[in-house]
Amino acid sequence: MLIYLLIRYFKREKPIEVITSKPKFVLAPFEIALTQLEELKIKKKWQSGEIKAYYSDLSEIVRTYIEDGLHTPAMEMLTDDIIDRLKARKIDTTQLSILLNTADIAKFAKAKPTSSENELAITFAYEFIHQTKPQDND
C-alpha cells in the first residue's frame with residue numbers, strides 16, 4: 001500500500017508555474033537625456049582636456065533626445081538640417097544652434113572652445129530639453 005501511494009504521489013501532475021516578468025519601467029526620453037547630462041557633468045571631460053570627447057557625448061545626448069523625444073531624425077543629419085526641421089515645428093532653436101555648431105567646431109575643426117563656452121553648451125542642452133519636454137497637465 002505504501003508503495004502504491006508513493007507511486008501515485010510522484011506520478012501526479014505537478015502544478016504549472018506561471019512565470020510572469022515584471023513590467024519594465026521605461027524612462028521618458030527627456031529623463032534619459034537629463035540623466036546622461038548629469039553623468040557627463042560628473043565625468044568632467046572638458047576640464048581634463050577631453051574637449052572632443054565632451055562635445056561628442058554632449059552632441060549625441062542631445063541628438064538622441066531629438067530623435068526619441070521629438071521624433072525628428074537627428075543622428076545622421078547636418079546641424080543646419082536639424083535646426084530647419086525643428087524651426088518648421090515652431091521650436092525655438094537659438095540655443096540649440098549655438099550648442100550644435102560649437103560641438104561641430106570642437107569635434108571636426110579641432111577648435112578649443114573656452115571654459116565659459118563649455119559650461120554654456122551643457123547649460124543650453126539642459127534648457128533645450130526642459131523647453132521641449134512634454135508639459136505636465138496637473
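Figure 1. L27 is placed in the loop between α1 (2–11) and α2 (29–43); helices here are DSSP runs of H or I with at least four residues, strands are runs of E with at least two, and both are numbered from the N terminus. The model shown is predicted, so local features need pLDDT of at least 70 and side-chain atom pairs count only at pLDDT 80 or more, while totals for chains, interfaces and linings use all residues. Residue numbers start from 1 along each chain as its sequence is written, and side-chain values use heavy atoms, leaving out hydrogens and water. With a relative accessible area of 37%, L27 is partly exposed (buried is under 20%, exposed over 50%, partly exposed in between, with a 1.4 Å probe and protein chains only). Together, F25, L27 and I32 make a nonpolar surface patch of about 320 Å². Patch residues have over 30% relative accessible area and no salt bridge, with nonpolar side chains (Val, Leu, Ile, Met, Phe, Trp, Tyr) joined within 5 Å and like charges within 9 Å; areas come from the Shrake-Rupley method with a 1.4 Å probe, and for residues only the protein chains shown count as cover.

**Figure 2. The salt bridge between D57 and K45.** One salt bridge is found in a search of the whole structure, a salt bridge being a side-chain nitrogen of Lys or Arg within 4 Å of a carboxyl oxygen of Asp or Glu. D57 forms a salt bridge with K45, and their closest N and O atoms are 2.4 Å apart. This pair links distant parts of the chain, with D57 in helix α3 and K45 in the loop between α2 and α3, 12 residues apart. D57 counts as partly exposed at 22% relative accessibility, whereas K45 is buried, with a relative accessible area of 15%.

Figure 3. R63 sits in helix α3 (residues 51–70). Its relative accessible area is 8%, which means that R63 is buried. Not counting residues up to four places away in sequence, R63 touches A74, M75, M77, T79, I82, L100 and D104, where contact means heavy atoms within 4.5 Å. R63 and L100 are 37 residues apart in sequence, and their C-alpha atoms are 9.1 Å apart.

**Figure 4. The largest nonpolar core.** A nonpolar core is a set of buried Ala, Val, Leu, Ile, Met, Phe, Trp, Tyr and Cys residues joined through side-chain atoms within 4.5 Å. The largest such core holds 33 residues, of which L37, L58, I66, L96 and L99 touch the most other members. At least two residues of this core come from each of α2, α3, α4, α5 and α6 (115–132). Helix α3 gives the most, with nine residues. Apart from its neighbours within four places in sequence, L96 is in contact with V62, I66, I83, L86 and F128.

**Figure 5. K90 and I91 in one loop.** K90 lies in the loop between α4 (79–88) and α5 (94–108), and I91 also lies in the loop between α4 and α5. K90 is exposed, with a relative accessible area of 75%, whereas I91 is buried, with a relative accessible area of 14%. Neighbours within four places in sequence aside, I91 is in contact with L70, L86, F128, Q131 and T132. I91 and Q36 are 55 residues apart in sequence and 22 Å apart in space, C-alpha to C-alpha.

Figure 6. Most residues other than glycine have a negative phi. K44, found in the loop between α2 and α3, has a positive phi of about 50° although it is not a glycine. K90 is likewise a residue other than glycine with a positive phi, near 65°.
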